[in-house]
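Dear colleague,

I am handing over the structure below, together with an account of what was found in it. Please keep it open beside this message while you read.

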Amino acid sequence: TSVNADGSLNYDYEYDSTGQIKDNSFAQVKTINVLSSDDMVNWRNEGYIRVAGEQGVATWASNSWAPAVAHKTINGKEKFFLYFANGGSGIGVLTSDSPVGPWKDETGELLIKGGTPESAGVVWLFDPAVFVDDDGQGYLVLREVVFRQARKNIRTRLALLKLSDDMLHTEGEAQAIDAPAMF
């Protein structure tokens, strides 16, 4: 999908330079659809969240892949957190007081990004999953892809990170979990 100038969504194929439909690169995924259910059988379409791009909440982001959502009570107030992959370059986070929005970008940048000491050797960072334990501690798990030997040997691992109380920062070092067959 892409976002039109008026903010509406355009569901269309991707085309090559000759006008032929090409394989989906997922480069235009900038929104996330929101569905809700009272009984997990009947579903309502609550619309979409404009996550990335010029019309998005996170204008610095180019994509919104593989979202994960969590909620946590902070200072007596229910907060919602939407983690998303900005392509393979890292993980961003948006916040809201409601699962249907409006959403805000409180960090102004990626929460997890490549090129940091924590991601040495990692080529792609994506597929976030978030968990808030019974004690209120939040954790983020993401997939890291490492190429060895000039992209011939792809190795995938999971990274487990402890989230700060505000769910917008990480604490300590990532714990790597080897997951060789995950890709």
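Glu171 counts as partly exposed, at 34% relative accessibility, where partly exposed covers the range between buried (under 20% relative accessible area) and exposed (over 50%), with a 1.4 Å probe and protein chains only. Glu171 belongs to strand β12, residues 170-178; strands here are DSSP runs of E with at least two residues, helices are runs of H or I with at least four, and both are numbered from the N terminus. Neighbours within four places in sequence aside, Glu171 is in contact (heavy atoms within 4.5 Å) with Lys162, Leu163, Ser164 and Asp165. Its C-alpha atom is separated by 9.7 Å from that of Tyr139, a residue 32 places away along the chain.

Before going further, please note that this is a predicted model, in which local features need pLDDT of at least 70 and side-chain atom pairs count only at pLDDT 80 or more, whereas totals for chains, interfaces and linings use all residues. Residues are numbered from 1 along each chain as its sequence is written, and side-chain values use heavy atoms, with hydrogens and water left out.

On confidence, the mean pLDDT (the predictor's confidence in each residue, from 0 to 100) of the protein chain is 85, and 81% of its residues reach 70 or more. Among the elements, β6 has the highest mean value, 96, while strand β1, residues 2-3, has the lowest, 62.

As for the overall make-up, the protein chain has zero helices and 12 strands. Buried residues account for 37% of its 183 residues. Of the contacts between residues at least 6 apart in sequence, 38% join residues at least 24 apart. The accessible surface, computed by the Shrake-Rupley method with a 1.4 Å probe, where for residues only the protein chains shown count as cover, comes to about 10600 Å², and 50% of it belongs to carbon and sulfur atoms.

Turning to the interior, a nonpolar core is taken as a set of buried Ala, Val, Leu, Ile, Met, Phe, Trp, Tyr and Cys residues joined through side-chain atoms within 4.5 Å. The largest such core has 19 residues, of which Tyr83, Ile112, Val130, Leu140 and Leu142 touch the most other members. At least two residues of this core come from each of β5 (65-74), β6 (77-85), β7 (90-96), β9 (124-132), β10 (138-148) and β11 (153-163). Another core, of 12 residues, lies apart from it, with Ala58, Phe80, Leu82 and Phe84 among its members. Leu142, leaving aside neighbours within four places in sequence, has contacts that include Ile91, Ile112, Phe126, Asp127, Leu158 and Leu161.

Which residues are linked in a network of salt bridges? With a salt bridge defined as a side-chain nitrogen of Lys or Arg within 4 Å of a carboxyl oxygen of Asp or Glu, the network consists of Lys77, Lys79, Asp97 and Glu106, and the count of salt bridges comes to six. Asp97 pairs with Lys77, their closest N and O atoms being 3.3 Å apart; because Asp97 lies in the loop between β7 and β8 (112-113) and Lys77 in strand β6, this pair ties together parts that are 20 residues apart in sequence. Asp97 also meets Lys79 in a salt bridge, at 3.5 Å from N to O. Lys79 counts as buried at 14% relative accessibility, whereas Lys77 is partly exposed at 45%. A further salt bridge joins the side chains of Asp38 and Arg44, at 3.5 Å from N to O; Asp38 is exposed, with a relative accessible area of 71%, and Arg44 is partly exposed at 39%.

Finally, some points of backbone geometry deserve a look. Most residues other than glycine have a negative phi, and most peptide bonds are trans. Met40, in the loop between β3 and β4 (44-50), has a positive phi of about 65° although it is not a glycine, and Met40 is exposed, with a relative accessible area of 61%. Asp127, in strand β9, likewise has a positive phi, near 60°. The peptide bond from Gly101 to Pro102 is cis, with omega near 5°, and Pro102 lies in the loop between β7 and β8.

With best regards
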